[in-house]
Amino acid sequence: MALPSSVNIKRFYLAVSAILIIALAYQITREETLLQPDQRLQLALDEQSPLTTDPAVNPVLAKANSELARAQQALNSAAAKPVPPVELAKANETIAIVPDAWRAADATAATPAMPLPSGVSVYEPVSVDMENPSYPEAGQQTSVILPGGERLQVNVESGNTNPNGDYSWRGHLDGHGDEYPVVMTYGGNSVFATVTTPKGSYTLESVNGSGWIYKNPSELELSRPGANDFIEIPHDH
């Protein structure tokens, strides 16, 4: 009875050994299969080139350098572009300012000999330089002085000499476009000017350098209460 039992035991050990060998082989194969993706990843990483600053190797850096070069070229082109003459002239434009068209008369000056028009209530004596008159020209700027000492800037738009030798210039008050015109004429020994302002119109009259600047009365100021505003034409009977 002992011999059969020994054989069975050997068979049992052989079977168990075989099972263990098969299990070990299976485990080894499984581990190799599980490690294979990591090995492929490591191989892929090993094949990748390290980050480089060489544009020939790094396409991203090459594109960035290309865009930078293009932007720099655009900046250089804008800086080198000449400014058009018209724009340059506007940037450097200056307005020549000539002396005042007239000035307030000195306190010691004699009263102007010429009479004031009827109805004038706002006026002031003035003095005009007739020995060395300044004739404003187009593009220049001058000043006119109103009663009370108010000084207004005038942009001169044109100037010309009339056939009789008189000189006239035209302009408009500065800052109002062409809404308020100013006209001044120099004669042989007299000067006449009209100034239109937001507060009303003014007239300058001067003879031999002495005269008046006065505010033109309004139609209401010229009308007397109860007076007729028409002219009667006489008829022959």
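Good morning, colleagues. Please keep in mind throughout that the model is predicted.

I shall begin with the aromatic rings. A pair of aromatic rings is described by the distance of the centres and the angle of the planes. In this model the count of such pairs comes to three. One of them joins Tyr 123 and Trp 212 in an edge-to-face arrangement, with 5.4 Å from centre to centre and 85 degrees between the planes. Tyr 123 belongs to strand β2, residues 123-127, and Trp 212 to strand β9, residues 210-215, so this pair ties together parts that are 89 residues apart in sequence. How exposed is each partner? Tyr 123 has a relative accessibility of 41% and counts as partly exposed, whereas Trp 212 is buried at 9%.

A further pair consists of Tyr 135 and Tyr 167, and here the rings are stacked: the centres are 4.7 Å apart and the planes make an angle of 20 degrees. Tyr 135 sits in the loop between β2 and β3, and Tyr 167 in strand β5, residues 167-173; the pair therefore ties together parts separated by 32 residues in sequence. Tyr 135 is partly exposed, with a relative accessible area of 38%, while Tyr 167 is buried, with 10%. Ring pairs also bring in Tyr 186, so that Tyr 135, Tyr 167 and Tyr 186 form a cluster.

I turn now to the nonpolar core. In soluble globular proteins, nonpolar side chains tend to be buried together. The largest nonpolar core of this model has 23 residues. Which residues have the most contacts inside it? They are Trp 102, Val 144, Trp 169, Met 184, Val 195 and Leu 204. As for the strands, β3, β4, β5, β6, β7 and β8 each supply at least two residues of this core. Leaving aside residues up to four places away in sequence, Leu 204 touches Trp 102, Val 126, Val 128, Val 191, Phe 192, Ala 193, Trp 212 and Ile 213. Trp 212 in that list is also the partner of Tyr 123 in the edge-to-face pair.

Next, the charged side chains. How many salt bridges does a search of the whole structure find? It finds two. Arg 151 forms a salt bridge with Asp 100, and the closest N and O atoms are 2.9 Å apart. Arg 151 lies in strand β4 and Asp 100 in the loop between α3 and β1, so parts that are 51 residues apart in sequence are tied together by this pair. Both partners are partly exposed, Arg 151 with a relative accessible area of 45% and Asp 100 with 28%.

Glu 150 forms a salt bridge with Lys 199, where the closest N and O atoms are 3.7 Å apart. Glu 150 is placed in the loop between β3 and β4, and Lys 199 in the loop between β7 and β8; the pair therefore ties together parts that are 49 residues apart in sequence. Glu 150 is partly exposed at 31%, but Lys 199 is exposed at 56%.

Finally, a point on the backbone. Asn 208 has a positive phi of about 55 degrees although it is not a glycine. Asn 208 is found in the loop between β8 and β9, and this residue is exposed, with a relative accessible area of 59%.

Thank you for your attention.

Definitions and conventions: Residues numbered from 1 in each chain as written. Predicted model: local features only at pLDDT ≥ 70, side-chain atom pairs only at ≥ 80, totals over all residues. Heavy atoms only, no water. Phe/Tyr/Trp six-rings, centres within 6.5 Å; stacked < 30°, edge-to-face > 60°. Helix = DSSP H or I, 4+ residues; strand = E, 2+ residues; numbered from the N terminus. Buried < 20%, exposed > 50% of the residue type's maximum accessible area, 1.4 Å probe, protein only. Core = buried A, V, L, I, M, F, W, Y, C linked by side-chain atoms within 4.5 Å. Contact = heavy atoms within 4.5 Å. Salt bridge = Lys/Arg side-chain N within 4 Å of Asp/Glu carboxyl O.
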